[in-house]
Amino acid sequence: MSPDSLPPGSARSAAEVNEQIRALWLRAGGLLSAQERAEYELLVVEWAEAIREEIIQAA
């Protein structure tokens with residue numbers, strides 16, 4: 001699921017997305033297929049947005 005398709009207010013925390021990234025790498029054994037690479041890239045974007053939102057909320 002793309003971060004842009006999430007309804008406002010329902011975004012996952014950076015920690016949740018980080019866990020999903022870690023799980024993806026473990027499942028892939030450290031070598032990502034093209035499909036896994038695309039999923040990873042979406043997750044990294046979502047993680048960065050979650051971090052940014054957490055910083056804004058903390059300020």
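The dialogue below takes helices, core, salt bridges and aromatic rings in turn.

Me: What kind of model is this, and how are its residues numbered?

Reply: This is a predicted model, in which local features need pLDDT of at least 70 and side-chain atom pairs count only at pLDDT 80 or more, whereas totals for chains, interfaces and linings use all residues. Residues are numbered from 1 along each chain as its sequence is written, and side-chain values use heavy atoms, with hydrogens and water left out.

Me: How many residues has α1, and which of them are buried?

Reply: An α-helix has 3.6 residues a turn, so residues three or four places apart point the same way. Helices here are DSSP runs (H or I, at least four residues), numbered from the N terminus. Helix α1 has 15 residues and reaches 21 Å from its first C-alpha to its last, close to the expected 21 Å; the expected span is 1.5 Å times one less than the number of residues. Its buried residues are Ala14, Val17, Ile21, Leu24 and Ala28, where buried means under 20% relative accessible area, exposed over 50%, and partly exposed in between (1.4 Å probe, protein chains only). Seen down the axis of α1, these buried residues fall within an arc of 85°, so they line one face of the helix; the arc is that of the directions from the helix axis to the C-beta atoms. On the other side, Ala15, Glu19, Arg22, Leu26 and Arg27 are exposed. After α1 comes Gly29, whose phi is positive, near 70°.

Me: What do the buried residues of α2 pack against?

Reply: The buried residues of α2, namely Leu43, Glu46 and Ala50, pack against α1. Helix α2 itself has 25 residues and reaches 36 Å from its first C-alpha to its last, close to the 36 Å expected.

Me: Which residues form the largest nonpolar core?

Reply: In soluble globular proteins, nonpolar side chains tend to be buried together. A nonpolar core is a set of buried Ala, Val, Leu, Ile, Met, Phe, Trp, Tyr and Cys residues joined through side-chain atoms within 4.5 Å. The largest one has six residues: Val17, Ile21, Leu24, Ala28, Leu32 and Leu43. Helix α1 (residues 14-28) supplies the largest share of this core, four residues. Leaving aside residues up to four places away in sequence, Leu24 touches Leu32, Glu36, Glu39, Tyr40 and Leu43, a contact being heavy atoms within 4.5 Å.

Me: How many salt bridges are there?

Reply: Side chains of opposite charge can pair when their charged atoms come close. With a side-chain nitrogen of Lys or Arg required within 4 Å of a carboxyl oxygen of Asp or Glu, the count is two salt bridges. In one of them, Glu46 meets Arg12 (2.7 Å, N to O). Glu46 lies in helix α2 (residues 34-58) and Arg12 in the segment before α1, so the pair ties together parts that are 34 residues apart in sequence. Glu46 is buried at 5% relative accessible area, and Arg12 is partly exposed at 29%.

Me: Which side chain does Arg27 meet in a salt bridge?

Reply: Arg27 meets Glu39 (3.9 Å, N to O). This pair links helix α1 with helix α2, its residues being twelve apart. Arg27 is exposed at 56% relative accessibility, while Glu39 is partly exposed at 29%.

Me: How many aromatic pairs are there?

Reply: A pair of aromatic rings is described by the distance of the centres and the angle of the planes. Rings of Phe, Tyr and Trp (its six-membered ring) pair if their centres lie within 6.5 Å; planes under 30 degrees apart count as stacked, over 60 as edge-to-face and the rest as tilted. The count is one aromatic pair: Trp25 and Tyr40, edge-to-face, at 5.5 Å centre to centre with 80° between the planes.

Definitions and conventions
Helix = DSSP H or I, 4+ residues; strand = E, 2+ residues; numbered from the N terminus.
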